[in-house]
Amino acid sequence: MEKRKIIKIKPKKIYTKAEDYKRYYVTGAIGGFRNPYDFRLTFYNIDSNEFLLKTQNLKENKNIPDVEIQNKLKEVEMTHILQCELIMTEQAVKELYEFLKKEMKILDNLKETYCPNCKKLIKWVPTEIDDVFRGKCPNCGMEFIKDKNNIVRLQKVLPKNE
Ligand SMILES: [Zn+2]
């Protein structure tokens with residue numbers, strides 16, 4: 001019998017948003033492996049207004065001795081509003097881990113980019129275009145752009161939104 005050639009198929013990826021796709025702004029995450037196949041990550045936001053108000057009121061209260069205020073301050077709760085939970089496979093966790101490592105490296109490199117003119121650290125701000133940052137030298141005012149391919153170059157014209 002003739003041996004069949006094994007053809008590896010690499011699917012062409014396309015990304016499409018689910019109908020109930022949502023976007024959250026979060027400040028932190030909790031979770032971990034529930035078992036070897038089930039990794040859970042819950043994202044939250046902190047309600048700091050309430051916390052600040054309560055601590056401020058305590059600090060300004062002249063009727064309570066300082067020692068008591070210190071103890072009460074430790075008891076003030078900060079609400080963490082859980083926004084959503086993701087349940088991931090081990091493979092998804094590995095991919096996320098590699099992705100985050102890569103992204104953090106890019107960010108760290110960016111934070112250590114110096115102006116070629118005066119060797120000062122460039123300050124970066126986001127732009128209206130995803131993945132594109134604008135940088136400015138605080139000393140000479142020279143402007144830079146980091147594009148989607150993470151290439152930093154002198155800014156001439158800001159690319160138009162695609
Ligand atoms: Zn400069």
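The protein chain contains three helices and seven strands, where helices (H or I, at least four residues) and strands (E, at least two) are DSSP runs numbered from the N terminus. Read along the sequence, these elements follow the pattern β-β-α-α-β-α-β-β-β-β. The radius of gyration, taken over C-alpha atoms, is 24 Å for the protein chain, well over the 15 Å that the globule rule gives for 162 residues, so the chain is more spread out than a compact globule; the rule itself is 2.2 Å times the number of residues to the power 0.38. This is a predicted model, in which local features need pLDDT of at least 70 and side-chain atom pairs count only at pLDDT 80 or more, while totals for chains, interfaces and linings use all residues. Residues are numbered from 1 along each chain as its sequence is written.

Along its principal axes, the C-alpha trace of the protein chain spans about 90 × 55 × 30 Å. Of the 162 residues, 4% count as buried, a residue being buried if 20 or more other C-beta atoms lie within 10 Å of its own, exposed if 12 or fewer, and partly exposed in between, with C-beta atoms placed from the backbone.

Three strands form an open sheet in the order 1-2-3, with antiparallel pairing; two strands pair if DSSP finds at least two bridges between them. Strand 1 (28-35) and strand 3 (79-88) are the edge strands, each pairing on one side only, and the twist averages 20 degrees from one strand to the next, with angles run from 0 to 180 degrees between the N-to-C directions of axes that are lines fitted to C-alpha atoms, for helices over the stretch in contact. Strand 2 (residues 38-47) runs antiparallel to strand 3 and is joined to it by nine bridges; isoleucine 46, for instance, has histidine 80 in strand 3 as its bridge partner.

Helix 1 (residues 48-60) packs on this sheet, touching strand 2 and strand 3, and its direction makes about 50 degrees with that of strand 2, two residues being in contact if their C-beta atoms, placed from the backbone, lie within 7 Å.

Leucine 107 lies in helix 3 (residues 90-111) and counts as partly exposed because it has 13 C-beta neighbours inside 10 Å. Leucine 107 and threonine 79 are 28 residues apart in sequence and, C-alpha to C-alpha, 30 Å apart in space.
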